[in-house]
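These are my notebook entries on one chain. I set down what I looked up, in the order in which I looked it up.

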Amino acid sequence: MSICRPSSNKTRKTWRICGDPIGSCSRIVPLLEAHSLHDDIRGVGQGRYSHWRNALLFSTSDNSDAQTNGRVYALRWKGAGAKPWLPQLSLPAADCDHRRWSAPAKPVARCEGVIAVVGDSFSGSTVLNCVLGAHSQIFGASELRWLVETPDEVGCAVCGSACTMWTPGVLRRVGQSPDLYDAVSRRFGRHIVCDSSKTPAWFSPALRGLEAPVVRVLLTKHPLRHVASHLSKTTGPVTRQRLDAILAHLRAFHGRVLLKDEMTLRRAPAPDGMMICDLHLRYEDFAADPLGSLSPVLVAMGLSPEPGMLDWARAPAHPIGGNIAPLIQICNAVHPMAVGRDKYRRRGIFLDESYRQTLDQDGIDYILSHADARWLADRFYASAEPARTAA
Ligand SMILES: [Zn+2]
């Protein structure tokens, strides 16, 4: 078991455990507040923690120094049955050797196009980034904003610390580069960069003054599926208050985004602070026809779909951040977070229909008749019902 601290952990509250679980302790005091936001672990501490990929990020209960406070920290699983995945916490997520990045025939001098994926959390942007990144001209960078916003906690989400492309020096140099997208293009030898950072707050400054063409793609998921995705990432009973809060969040996020088509209909300038998106992609359409639905995105970048994009899980990939389900497919390994969740064992691009398990009929009816869900469904979907495709 090793405990380390991210190198410039300014608040001195975040610690990181990587290693094999250990056995018994004479007096065990569990840390509180699992699944905490990483900002809260850094800022508040007091025992907040989060299991994140192949490590546990945590704060000590009194914000003391985990390396010198004399206590022993251990990973312990309270559930029943063998947990063969626990030792894997000490391993990098995947072996880099079989997916070496092939050097481009000619060095790439600068970025010639950015695909900016905009959307709320859990809208499916990770798998979208993976599919786009399997195109021979595109680097699927995933959530580049973490390179700048939390530089000490980022790395390749596939290879982990074993990554030969995102080494600590490269992470630092690219993250501090004033020409972020050029630096990424040069490093990976691809003319086009897909940045699925998703938030207008990131893209507004990141894309300002960029000479390269940009296509802003708004990725949406049907509100019923989207609410269920949010529910599945936190614990607690499904109450109407929780549903209200998630729906209000979804409405607020999408209220800050306008599609160019909607601008045309409005015949009025966009309000200040509104992000204008060039294209709209429903996750449902993407799942039903990945290459067809991505064709407008590729055309905007002067590209055509490539059949190899459908083999995305076997393509070399070095994304920064992203949700765990597509990364499990790329790593082809069982991840601790996958245990007990059927959807993490599925392969390919599929619609997550787990709302049928997450919600009972009352919950489904409540969402479908909710004013915020109807606002979302009317705006982005032809029907309040979550059809398998929106076509
Ligand atoms: Zn990597």
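Which residues point one way from β7, and which the other way? I found I192, C194, S196 and K198 on one side and V193, D195 and S197 on the other, and all are buried. I count a residue as buried if 20 or more other C-beta atoms lie within 10 Å of its own, as exposed if 12 or fewer do, and as partly exposed in between, with C-beta atoms placed from the backbone. In a regular strand the side chains alternate between the two faces of the sheet.

**Basis of the entries**

I number residues from 1 along each chain as its sequence is written. I am working from a predicted model, in which local features need pLDDT of at least 70 and side-chain atom pairs count only at pLDDT 80 or more, while totals for chains, interfaces and linings use all residues. Here pLDDT is the predictor's confidence in each residue, from 0 to 100.

**Confidence and overall content**

I noted an average pLDDT of 80 for the chain, with 75% of the residues scoring at least 70. Over residues 18-26 the pLDDT is below 50, and this stretch has 20 contacts in the model beyond near neighbours in sequence.

I recorded 15 helices and 11 strands for the chain. These elements are DSSP runs numbered from the N terminus: helices are H or I of at least four residues, and strands are E of at least two. Of the 391 residues in the chain, 36% are buried. Among contacts with a separation of 6 or more, 70% join residues 24 or more positions apart.

**The sheet**

I then traced an open sheet of five strands, in the order β6-β7-β5-β8-β11, with parallel pairing. Two strands pair if DSSP finds at least two bridges between them. The edge strands are β6 and β11, each of which pairs on one side only. The twist averages 25° from one strand to the next.

Helix α2 (residues 125-133) packs on this sheet and touches β5, β6, β7 and β8; its direction makes about 160° with that of β6. Helix α5 (residues 180-188) lies across β5, β6 and β7 and runs at about 120° to β6. For such angles, axes are lines fitted to C-alpha atoms, for helices over the stretch in contact, and the values run from 0 to 180 degrees between N-to-C directions.

What joins β7 to its partners? Strand β5 (residues 113-118) pairs with β7 in the parallel sense over five bridges, and I115 stands opposite C194 in β7. Strand β6 (residues 138-142) runs parallel to β7 and is joined to it by four bridges; there S142 stands opposite D195. In β7 (residues 192-198), seven of the seven residues are buried.

I looked next at β8 (residues 214-220), where six of the seven residues are buried. Five bridges pair β8 with β5 in the parallel sense, and V214 of β8 is the bridge partner of V114. Strand β11 (residues 279-282) pairs with β8 in the parallel sense over four bridges, with L219 opposite L281 in β11.

**Helix α8 and its two neighbours**

How do α7 and α8 cross, left-handed or right-handed? The axes of α7 (residues 223-232) and α8 (residues 240-254) come within 10 Å and cross at roughly 115°, and the crossing is right-handed. A crossing is left-handed if the near helix is turned anticlockwise from the far one by less than a right angle, and right-handed if clockwise. I listed P223, H226, V227 and H230 of α7 against L243, I246, L247 and L250 of α8. These divide into six nonpolar, two polar and no charged residues, where Ala, Val, Leu, Ile, Met, Phe, Trp, Tyr, Cys and Pro count as nonpolar, Asp, Glu, Lys and Arg as charged, and the others, Gly among them, as polar.

Helix α15 (residues 371-380) packs with α8 at about 40°, with the axes 9 Å apart. I noted this crossing as left-handed. Its contact is made by L247, A248, L250, R251 and H254 of α8 and D372, A373, W375 and L376 of α15.

Definitions and conventions. Contact = placed C-beta atoms within 7 Å.
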